[in-house]
Amino acid sequence: MVKKFPNLSSPITIGRVRFRNRMFSAPMGGTDITNDGCIGPKSTAFYELRSKGGAGAVTVSECMVHPETDGSHAYHLDTSILNSLASATYTADAIRRHGAIPSLELSHSGMYAGTYMTDKNKQHSMNQWGPSDTVRPDGVLVKALTKEMLAEITAAYGNVAALARRAGFEMLMIHGGHGWLLNQFFSPYFNKRTDEYGGSLENRCRLAIEVLKAVREAVGPGFPIEFRMSGSELFEGGYDLEEGVRIAQQIEPYIDLLHVSAGTYQRGFGDTHPSMFKAHGCNVYLAAEIKKHVSVPVATIGGLNDPQQMEEIISSGKADVVYMARALLADPFLPRKVMANKDEDIVRCLRCFTCMAERAATSTRRCTVNPLIGREMEGSEIAKAPVPKKVVVVGGGPGGLKAAHTAALRGHQVILMEKEGELGGILKSEQAIPFKQEMYQLSLTFAKQCREAGVEIRLNTKADRELVERENPDAVIVAAGSKPLVLPIPGIDGDNVTIVNQYYLEKEKVGDEVVVLGGGLAGCEAAIHLAQEGKKVTVVEMREELAPDANVRHRPLLLQKINELVTVRTGLRGMEITADGVTCEDKDGQRHFVKGSSVICALGQRACTDVVEELRDSAPYVVSIGDCAKVATITNAVYQGYHAALDI
């Protein structure tokens, strides 16, 4: 078979270990960490799925090497902890059995440790530890690590490395980026020491080199040691790319693979984890430049999910390996699809941050487009139903499409009825906003999956009770979605007004000065897009804050863009729309006029409960999912659609 992506699909040897392809699974934290820091069974299944999906390596994240000076927010590998070695061994084996190389990330958070620790030996007091005495932006006291403590930490890296190899891990990633301890020592911003660990570049690299030497002594020759670094810290006072090159050259003699990321977690979350507002592969230039100055293989990362782009990265010599994290949540089987020339079947990551927001909120993991995430122990295969049934799905949005596809995979006869002439539901409206193209693309991928699974799709078909009952179905899944909330404001039906859902059909009529009426997530994202096109945009919001419906990871980056590009007027209610703008009223009854020749109405969505009521008793089993049940998120619609189909 001739490979469409020959470079991406080609094996690579690092140290004495051969990897089946150049697509590696980046470190992603587990979700069921035990109180004493062991890997729980859900996390083992989480990492195993990435190997089953075809990744060349799967990195387990993150193992803290020295709990006495670090937080307890991640794994520990310690023979004094019951089940620690066993759980690590089972995890490495689960990864290896599907052909991927199991790797373990060794880390120390330094001054950004997640929790206070009380040391039983009274050697360490209750504070955070870093390169230098300081106070964190959140007011937490940081004390400088002593030379004795640095020696302890260095030895701990070696001890844990030896245990990792004993557990069956075949590569180790030493985390020296993203603002963690080794990065803090590299950084002139964090490192103010005056001893041999501070000052000159050579001194600031000393701890990392000592750690790498300890790890090498523990694992022996030929065992791949990977070092993860930020090519640039990307903030004023931190080191830049030019110094990143020099850091790479300092540590190169002690490693087998250099993993170049970007930024610091605490001062540039949107750099380390590129948002939808950034270009895919926005950090690749860092790896490409550093690769010119080192001889070891170089890996790159940063919002990568397109095989064509990743193939070009490898073929042009920008990097030797590409890492993906969120992309392999959205579609764990992306590497296998690439290897099989089935890239058109990939479900793309939306970069919506649902995965990271859920982890921050509940310490669990989920993905907007992949309901299997968090449920990996149930298996990746959808079981056939004992008795095939006839299923009608009403509505071709994301929830309906997921329900129809899942029901078809279970062996049911599925008819999908969509009242419009195109599938996709609310996702159709995203095609006009470049940074949300993956959301529109999701509808196309889900539709393709339905067709290939044998779903009978009836477009331009309004599913009333009579029509549905005529099919005599065993089950009906109502996924009728929602419709825009349009308030009876004078002028709302004017030619200069566009409902945000219809913008993709009417974008040509939107002028250069725009008022976006409604500052929720949809309104803010539309405003950012219009401003990026060079229009003068004002968002008018009745509440005092914008986008409360955005998740906790996406919202700060969204507001940052709003602050950069858009004028904001909060605490104002739209009262009348004219050809020149919108007359508003504040809470005190004072009138304000916001100028704009075009108005985008983004006042929210209303559930299509009328369809739910009409079809309530149209079959022995009827369930409503997604926005027609309760206006929420794409995540909610996809999850409910998937599980509704499993329940039939």
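This is a predicted model: local features need pLDDT of at least 70, side-chain atom pairs count only at pLDDT 80 or more; totals for chains, interfaces and linings use all residues.
Visitor: At what angle do α4 and α7 pack, and how far apart are their axes?

Guide: Helix α4 (residues 147-167) and helix α7 (residues 206-219) pack at about 35 degrees, with axes 8 Å apart. Axes are lines fitted to C-alpha atoms over the stretch in contact, and angles run from 0 to 180 degrees between N-to-C directions. Helices are DSSP runs (H or I, at least four residues), and strands are runs of E (at least two), numbered from the N terminus.

Visitor: Which residues make the contact of α4 with α7?

Guide: Among them are L150, T154 and Y157 of α4 and L207, E210 and V211 of α7; contact means heavy atoms within 4.5 Å. By class, this contact has 10 nonpolar, two polar and two charged residues. Ala, Val, Leu, Ile, Met, Phe, Trp, Tyr, Cys and Pro count as nonpolar, Asp, Glu, Lys and Arg as charged, and the others, including Gly, as polar.

Visitor: What makes α8 oblique to α10?

Guide: Helix α8 (residues 241-251) and helix α10 (residues 284-291) pack at about 50 degrees, with axes 9 Å apart. Angles under 35 degrees count as roughly parallel, over 145 as roughly antiparallel, 65 to 115 as roughly perpendicular and the rest as oblique; therefore α8 is oblique to α10. The crossing of α8 and α10 is right-handed. L241, G244, V245 and A248 of α8 meet Y285, L286, E289 and I290 of α10.

Visitor: How many cavities of 30 Å³ or more are found, and what makes a space a cavity?

Guide: The whole structure has three of 30 Å³ or more. On a 1 Å grid over the protein atoms alone, a cavity is a set of points where a 1.4 Å probe fits but cannot get out; a pocket is an open set with protein on both sides within 12 Å along at least five of seven lines, and lining residues have an atom within 4 Å of a point. The largest cavity holds about 90 Å³, and C349, L350, C352, C355 and C367 lie nearest its centre among 13 lining residues. α12 gives the most to this lining, with three residues.

Key: Residues are numbered from 1 along each chain as its sequence is written. Side-chain values use heavy atoms; hydrogens and water are left out. A crossing is left-handed if the near helix is turned anticlockwise from the far one by less than a right angle, and right-handed if clockwise. Grid points are joined across faces, edges and corners, and a volume is the space filled by probe spheres set on the points.
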